[in-house]
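Here are a few friendly notes to read alongside the model.

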Amino acid sequence: MGYDVIIVGAGITGAAIARELSRYKLRTLVLEKEAEPAFGVSKSNSGIIHAGTQNPPTSLKGWLCVEGNRLMREEIASDLGLNFVQCGQLIVVFGPSDIPELEKIKAEGEQLGVKGLEIVDRAWLDKNEPNLGPEVKAALYVPSTGLISPYRFVYALIENAVKNGAELKTSRKVVAVRAGEQGGFEVVAGGEVFRSRFLVNAAGLYADDISALAGAPTFKIIPRKGEEYLLDKAREHIANHVIFPLPSGSSKGILIIKTSDGNPMIGPTAHDVQDKADLSTTEEGLREVLAGARRMIPSISKSDIIAYFCGLRPVSGKDFIIRHEDSCPGLVNVAGIQSPGLTSAPAIAVMVCDILKKHGLELEPKEEFHRLRPRPVHLFQVPPEETRRLIEKNPAYGDIVCRCELVSAQEVRDSIKRGARTLDGVKFRTRAQAGRCHGGFCTTRIMKIMQEELGVPATALTKRGPGSELIKEERK
Ligand SMILES: Cc1cc2nc3c(=O)[nH]c(=O)nc-3n(C[C@H](O)[C@H](O)[C@H](O)COP(=O)(O)OP(=O)(O)OC[C@H]3O[C@@H](n4cnc5c(N)ncnc54)[C@H](O)[C@@H]3O)c2cc1C
C-alpha cells in the first residue's frame with residue numbers, strides 16, 4: 001500500500017486535515033486538480049473567522065465553528081505566522097421588534113459556548129461604530145469574531161503539512177477510484193495510480209462526484225452563489241467591526257466586512273444555482289449587495305467598488321457531512337462544507353483524525369512535529385522602521401514591484417520559493433496585482449521574476465494553470 005491516507009482536495013478542509021495527520025507517523029498524500037492549492041471555494045469567501053453565533057445550537061457546524069475559532073485565537077495564528085485580526089462583530093437591528101430575535105441569537109450562541117455576547121444600544125454604537133446609519137437601533141456585540149486572509153491560511157497549513165512529511169501533488173484531477181487488490185483504494189489522477197488504505201474526500205463542490213466514484217453516491221452538492229464587492233483601501237476605516245444584519249433562512253445576510261489586508265468588502269449574496277462553474281457576478285447581485293450594505297452604512301457608494309468576485313458554497317442540506325461511509329469501508333466524506341467552513345477547518349481536521357482512528361488508522365505521534373512556521377514578510381503590514389532594517393539587510397525589499405499594495409521584488413521571490421507557480425498564486429500569497437490597477441503596472445515585472453526563479457520561458461507562465469497562458473509566442 002503506497003499511502004496510509006489520500007486526501008482529495010487542497011482547499012482549507014484538505015489542507016487542515018493534511019496538517020493534522022502530519023503530526024503522526026503516517027504516509028499522507030494530497031491530490032489537487034488545480035495548479036495550486038486554494039484555487040477552489042477557499043479563495044472566494046469573506047475571510048471571517050466566525051465566533052459561532054447564527055448557527056443552530058444542535059448543529060455540527062455550530063460546534064465546529066466555535067472550536068475552530070478557539071483554535072485560531074489560541075494556537076493556529078501564532079503557530080503558523082498568520083495575520084489574524086480579532087475585530088469583533090455586530091449583528092444590527094433596525095427596530096425594537098427585532099430585539100427578541102437578537103436575544104434568541106445570543107442565547108443560542110451562549111448554548112454553543114460563544115463568550116462575551118452583549119446587546120448594545122444606539123449610544124454604544126455611536127461611540128464604537130460611528131458610520132452606522134440612523135435606521136440602526138441596537139446590535140449584538142460578538143467579540144471573538146476575527147479576520148484572516150483565506151488563501152494565506154490554506155498556504156500556511158499545507159506548507160506546514162509538507163514540512164512535516166505530507167506530500168502534495170497538484171494538477172492531479174482524480175478521475176477514478178477503484179477498490180485495491182489488497183483492500184483500500186486505487187486512485188487514478190493525472191495519468192498515475194496512487195494506492196492508500198483510507199480515502200478522505202475534501203473535494204468541495206465536487207465531493208458528491210468523488211464519493212460516487214468511490215462507490216458511495218450518498219449525497220448531492222448544490223452550489224449556493226455568493227457575490228462579493230471589494231472597496232478601495234481609501235475606505236479602510238469605514239467600519240471597526242464586521243457588521244451583519246439579522247440572518248435570513250439561507251445565509252448570514254449582506255455584510256460589511258473589514259478584511260485582514262485592509263480593503264473593506266460588501267456581500268455576499270446567497271442564491272442556489274445549478275452550475276458548479278458559474279462564477280459570474282450580476283447587476284441584480286450588485287443592487288442587492290449595495291442596498292443591504294447602505295442600509296447599515298449609508299456612505300458606501302458604487303464608486304468605492306474596485307473589484308468583484310463570486311464564490312459558490314458547497315451545500316448539501318443544512319449542515320456539514322463528516323462521516324465514514326460504512327457502505328465503502330475506508331472512505332471518509334468531508335462534504336457540504338458551506339460557511340463557516342473556513343473557520344471550522346482546524347476543528348474538522350481533528351474530528352476526521354478521530355474518525356480515521358475509530359476505523360483502524362493507528363495515530364502514533366512523531367518524535368518531532370514542526371508546529372511553527374516562520375511568518376512571511378508583508379511590507380504592507382510592517383512599520384517603517386522595520387522596513388528600513390529589512391532593506392538594509394536585503395535591498396530587494398526596497399524594490400517595489402506592486403505600488404498599489406506595496407509589494408517588493410523580494411516578497412514575490414519568497415512567494416515562488418514557498419510554492420507559487422502561477423500569477424494568481426503570487427497574488428494570493430503577496431497581494432501583488434490585487435490593488436486598484438489589477439496588475440496593470442506590475443504583471444510584467446512579476447512575470448520576469450517568475451521566469452528567473454523558475455527557469456521557464458514567459459510562454460510557460462499562466463494566470464491560474466493550463467489554458468490561462470498570458471503570452472502565446474515570444475518575440476525573437
Ligand atoms: C461567498 C462565500 C463567503 C464565505 N465566507 C466565509 C467566511 O467568512 N467564513 C467561513 O468560515 N466560511 C466562509 N465561507 C465558506 C468557506 O469558503 C468554505 O466552507 C470553504 O472554503 C470550503 O473549503 P473546502 O476545502 O471544503 O473546499 P474547496 O476550497 O473548494 O477545496 C476543494 C478542493 O478540491 C479540489 N478538487 C475538486 N475535485 C477534485 C478532483 N476530482 N481531483 C482533485 N482535486 C479536486 C478543488 O480544486 C479544490 O481545490 C464562504 C463561502 C462563500 C462561497
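This is a predicted model: local features need pLDDT of at least 70, side-chain atom pairs count only at pLDDT 80 or more; totals for chains, interfaces and linings use all residues.

1. Local features need pLDDT of at least 70 and side-chain atom pairs pLDDT 80 or more, while totals for chains, interfaces and linings use all residues. Residues are numbered from 1 along each chain as its sequence is written, and side-chain values use heavy atoms, leaving out hydrogens and water.

2. The chain is divided into domain 1 (1–83 + 146–221 + 316–375), domain 2 (89–143 + 223–305) and domain 3 (381–460), with bounds from an automatic or database domain assignment.

3. How far apart are the C-alpha centres of domain 2 and domain 3? They lie 33 Å apart. Five residues of domain 2 are in contact with four residues of domain 3.

4. Between domain 2 and domain 3, about 390 Å² is buried, with carbon and sulfur atoms giving 19%; this is accessible area (1.4 Å probe) lost when the two parts are put together, summed over both. On the domain 2 side, Asp232, Lys233 and Asp261 supply 69% of the area buried against domain 3, more than any other three residues.

5. Three salt bridges (a side-chain nitrogen of Lys or Arg within 4 Å of a carboxyl oxygen of Asp or Glu) are counted between domain 2 and domain 3. Lys233 also forms a salt bridge with Glu405, where the closest N and O atoms are 3.0 Å apart.

Key: Contact means heavy atoms within 4.5 Å.
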